[in-house]
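Hi,

Here is the structure I promised to pass on.

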Amino acid sequence: MTPHDTAHTGFETVVDALDYPMFVVTTTDGTRRAGCLIGFAAQCSISPPRFMVWLSKRNHTFQVATGASTVAVHRLDASATGLAELFGSHTGFDTDKFTRCRWRPGPGGVPLLEDCPGWFAGEILSRHDTGDHLGLLLRPIAGTTATELGPQLGFRAVRDLSPGNEP
């Protein structure tokens, strides 16, 4: 086994043990709405506040986000498995997901999911090519007023979903 193989195996061992928090990202380019389930997201600065989300380049939401200035990041509670399935197992190329859930327009017209009390909207400051995903660096511009959020939905709860954009 080469050092590269050992590093790759060690990396897989560590990340396979993680239970990433799951989010739904929604956006609009002014014409189209889009949203998808994501597990790659993180706060990346405290002052000024910044958050990064990564979108798969195979995803309909990625295409819409290329023309968007704002996205909403929805924190999924453990009870939100239906929303996770809708936004994770269906593709916007074929399905208008927003006809299957309750939502309202938010900042910049971005869809806000009514059944996700924890959310914030962010202005896209920059885009970063990181391989098979595109990172969007966000500056929070609006957010939830909810004071109590339930336990967070993690990757282990949705790992068996069939991705909507698999070839």
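In what order do the 7 strands of the open sheet lie? The order is β2-β1-β5-β8-β9-β4-β3, and the pairing is antiparallel. The edge strands, β2 (33-38) and β3 (41-45), each pair on one side only. On average, neighbouring strands here are turned by 35° against each other, direction ignored.

Before you go further, two bits of housekeeping. This is a predicted model, where local features need pLDDT of at least 70 and side-chain atom pairs count only at pLDDT 80 or more, while totals for chains, interfaces and linings use all residues. Residues are numbered from 1 along each chain as its sequence is written, and side-chain values use heavy atoms, with hydrogens and water left out.

On terms: helices (H or I, at least four residues) and strands (E, at least two) are DSSP runs numbered from the N terminus, and two strands pair if DSSP finds at least two bridges between them. Angles run from 0 to 180 degrees between N-to-C directions, with axes fitted to C-alpha atoms (for helices, over the stretch in contact).

Back to the fold. The protein has 4 helices and 9 strands, and along the sequence they read α-β-β-β-β-α-β-α-β-β-β-β-α. Strand β4 (residues 50-56) runs antiparallel to β9 (residues 133-143), and 6 bridges join them. Ser-56 has His-133 as its bridge partner in β9. Helix α3 (residues 81-89) packs on the sheet, where it touches β1 (23-28) and β2, and its direction makes about 110° with that of β2. Contact means heavy atoms within 4.5 Å.

Now the inside. Of the 167 residues, 40% count as buried, meaning under 20% relative accessible area with a 1.4 Å probe, protein chains only (exposed is over 50%, partly exposed in between). A nonpolar core is a set of buried Ala, Val, Leu, Ile, Met, Phe, Trp, Tyr and Cys residues joined through side-chain atoms within 4.5 Å. The largest one has 18 residues, and Ile-38, Val-53, Leu-55, Val-73, Leu-136 and Leu-138 touch the most other members. At least two residues of this core come from each of β1, β2, β4, α2 (60-65), β5 (70-75), β8 (118-129) and β9. A second, separate core of 15 residues includes Leu-76, Cys-101, Leu-113 and Leu-153.

Val-53 is worth a click: leaving aside neighbours within four places in sequence, its contacts include Val-25, Phe-40, Ala-41 and Leu-134.

Cheers
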